[in-house]
Amino acid sequence: MTLYAFSQSAVNSVFNNFLNDTYSISDFKRGLLELPREMPGFLVVFVSALLYLMSSRRLAALANLLGGLGIAGLALLSARYGVMVAWLFLFSVGQHLFMPLIQSITMEFAAEGKAGRRLGQITGASNLAGIGGSLLILVGFHSLGFGFDTAFLIAAGGLLLAALLIRTMKADRHQAARTRFVVRREYKLYYWLSILYGTRKQIFLTFSPWVLVTIFKQPTQMVASLLFVGGLIGIVFNPLLGRAIDRLGERFILMGEAVVLIFVCFGYGFSRRLFGENTALLVAGACFIVDQLMMSVGMARATYLKKIAVQPDDVSQTLMMGVSIDHLFSIMVAALGGIIWVRWGYEYVFLLGVAIACVNLVSAARVRIPR
């Protein structure tokens with residue numbers, strides 16, 4: 001898990017600058033690129049169904065192997081834009097296969113009623129690894145002469161090593177993935193929360209760093225610095241969040257996230273209108289860090305699903321389905337956001353984020369845990 005987080009942080013630190021500096025793509029094309037990048041997230045439930053005979057741990061090893069090969073291709077064989085998109089697609093397949101497995105494998109090791117705490121511990125450790133990734137990129141670009149290829153090769157090495165280590169884990173026979181399509185009426189609110197998460201997540205992943213790179217003209221070191229600070233805070237924040245989920249309940253945490261995101265989206269979109277350039281950059285940077293921390297609230301959705309699961313086997317399968325559902329809508333939001341940015345300005349992309357956060361607030365209020 002920590003090696004995966006290290007590699008992800010390294011990639012996220014440089015990816016938007018890589019696109020801007022290497023291919024000089026437009027704002028609309030940046031949004032359009034999310035179609036091939038996020039499509040594997042939609043396909044993950046189908047891919048995992050094809051691999052239903054593999055245990056969750058072996059599937060996790062395969063996911064990291066594919067991700068490592070994709071990032072290595074970005075480093076070594078991406079001179080042409082179309083070729084780069086193909087390698088990005090392969091990396092994304094591995095990334096999205098692994099995402100739901102992190103939560104399901106982690107909860108296998110949690111005691112009854114302590115799933116949030118265990119997820120918080122793992123997420124905190126992952127944040128520590130993410131700090132290492134962003135710090136290495138920050139120092140490397142500032143002092144060691146790193147290029148984008150060096151950063152991608154380091155990330156690829158981390159993912160390939162993660163694949164090797166996970167492959168050596170002994171998989172319990174009763175924990176075989178056996179992934180199949182699971183759609184139950186009992187999970188309809190979880191599906192809806194996954195849709196809202198997918199739309200909100202895409203605004204953060206695509207357009208928030210793009211604002212820093214193209215509107216505020218910030219270099220690679222800036223995004224790496226923000227990821228570093230967010231990861232540093234996350235070491236303490238995520239374990240506390242996990243405990244808060246267990247003590248206060250998923251409904252309280254999910255509603256709190258929605259309220260915070262309303263202010264975050266306003267900060268992204270309108271800080272330059274309300275403040276001077278330097279203050280606006282500080283506000284946007286603070287919003288980036290808070291937004292990064294709020295991504296961990298996905299733990300609450302996972303523990304909510306675990307508590308309402310009709311059958312224990314439904315958890316990993318429904319997490320996979322949730323990833324597919326949220327990515328179907330995140331693809332739409334990426335394309336729509338690119339159109340909105342070009343036609344009306346980036347501010348309106350984040351007004352869309354405010355609207356999504358308001359709907360999320362009302363929806364989270366409906367979360368109920370059966371006795």
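Helices here are DSSP runs of H or I with at least four residues, numbered from the N terminus. The model is predicted, so that local features need pLDDT of at least 70 and side-chain atom pairs count only at pLDDT 80 or more, whereas totals for chains, interfaces and linings use all residues. Residues are numbered from 1 along each chain as its sequence is written, and side-chain values use heavy atoms, with hydrogens and water left out.

**View A. Leu135 in helix α6.**

**View B. Asn360 in helix α14.** Asn360 has a relative accessibility of 9% and therefore counts as buried, a term that means under 20%. Apart from neighbours within four places in sequence, Asn360 is in contact (heavy atoms within 4.5 Å) with Leu193, Leu196, Glu257 and Ala258.

**View C. The second largest cavity, with a volume of about 80 Å³.** The lining of this cavity is formed by Arg200, Ile203, Phe204, Leu261, Cys265, Tyr268, Asp291, Gly353 and Ala357; the elements that contribute two or more residues are α8 (188-215), α10 (250-274) and α14 (346-364). A cavity is a set of points on a 1 Å grid over the protein atoms alone where a 1.4 Å probe fits but cannot get out, and lining residues have an atom within 4 Å of a point; grid points are joined across faces, edges and corners, and the volume is the space filled by probe spheres set on them.

Key. On a 1 Å grid over the protein atoms alone, a cavity is a set of points where a 1.4 Å probe fits but cannot get out, and a pocket is an open set with protein on both sides within 12 Å along at least five of seven lines; lining residues have an atom within 4 Å of a point. Buried means under 20% relative accessible area, exposed over 50%, partly exposed in between (1.4 Å probe, protein chains only).
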